[in-house]
Amino acid sequence: MAVLEMRKVFIPGQRWLSEPEPELGLGMVLSATEHQVTVVFRATGVTRQYSIEHAPLKRVLFRVGEAIRGGEQEQELKVTEVTEQAGIVTYHSNGTAIPETLLSDQMVFNTPRERLLAGHVSPSETFDLRYRSVQLQFEARRSPVRGFIGGRIGLIPHQLYIASEVTSRQN
């Protein structure tokens, strides 16, 4: 499955995934105006409205060779061809055509493996920020003055010297 990062054009019937809440399953666009999009997540019975400019949504498109679930009987099919007409994608498999509007709402991509294989990854800048945050937390916990960090005290050198002397002595 490809989760695309592109200019967001919302057309009723398209399938989108909520980035902060992938457990909602596949969402379907109900309506879109110039400034707002309404998406229904039928698997969980949730409807959300988003600003088009800042919608935390990614378009879900499956590729040839991938397995999908959908149709009237919710059968699992292997995609052999993908077509698009008026913004709505149709998946073909051995003579069966399933428009994206009939895809299963139960498809969830929330385990790390599923998200990675689906190409649902964060930008490298986000990873760098998280990595640096973990490094700084580690350094703060390893610091010999970690008990003083965050307290409402002024760390004056002569006071630190006295505290160091007192804590290094036997009781």
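Reply: One begins with the elements: helices and strands are DSSP runs, numbered from the N terminus. In this predicted model, the order from the N terminus is β-β-β-β-β-β-β-β-β-β-β-α-α-α.

Me: How are strands held in a sheet, and which strands form the open sheet in the order 9-10-11?

Reply: Strands of a sheet pair through backbone hydrogen bonds, in either a parallel or an antiparallel manner. Here, 3 strands make up an open sheet with antiparallel pairing, in the order 9-10-11. Strand 9 is joined to strand 10 (residues 88-93) by 5 bridges; Glu81, for instance, has His92 in strand 10 as its bridge partner.

Me: How many salt bridges does the structure hold?

Reply: A salt bridge requires a side-chain nitrogen of Lys or Arg within 4 Å of a carboxyl oxygen of Asp or Glu. The structure holds 3 salt bridges. In one of them, the side chains of Lys58 and Glu19 meet at 3.7 Å, N to O. This pair links distant parts of the chain, 39 residues apart: Lys58 is in strand 6 (residues 57-61), and Glu19 is in the loop between strand 2 (15-18) and strand 3 (26-32).

Me: Is Lys58 buried or exposed?

Reply: Buried means under 20% relative accessible area. Lys58 is buried because its relative accessible area is 7%, whereas Glu19 counts as partly exposed at 29%.

Me: Which residue forms a salt bridge with Arg59?

Reply: Glu100 does, with the closest N and O atoms 2.6 Å apart. Glu100 lies in the loop between strand 11 and helix 1 (112-117) and Arg59 in strand 6, so the pair ties together parts that are 41 residues apart in sequence. Both Glu100 and Arg59 are buried. A further salt bridge joins the side chains of Glu21 and Arg48 at 2.9 Å, N to O.

Me: What makes the nonpolar surface patch of about 330 Å²?

Reply: A residue counts as exposed over 50% relative accessible area. The patch is made by Tyr161, Ile162 and Val166. Tyr161 lies in helix 3 (residues 157-168) and counts as exposed because its relative accessibility is 54%.

Me: What share of the 171 residues in the chain is buried?

Reply: Buried residues make up 31% of them. The chain exposes about 11500 Å², of which carbon and sulfur atoms supply 54%.

Notes. Residues numbered from 1 in each chain as written. Predicted model: local features only at pLDDT ≥ 70, side-chain atom pairs only at ≥ 80, totals over all residues. Heavy atoms only, no water. Helix = DSSP H or I, 4+ residues; strand = E, 2+ residues; numbered from the N terminus. Buried < 20%, exposed > 50% of the residue type's maximum accessible area, 1.4 Å probe, protein only. Areas by Shrake-Rupley, 256 points an atom, 1.4 Å probe, with all protein chains shown as cover. Pairing = 2+ DSSP bridges. Patch = residues over 30% accessible without salt bridge, like charges linked within 9 Å, V, L, I, M, F, W, Y side chains within 5 Å.
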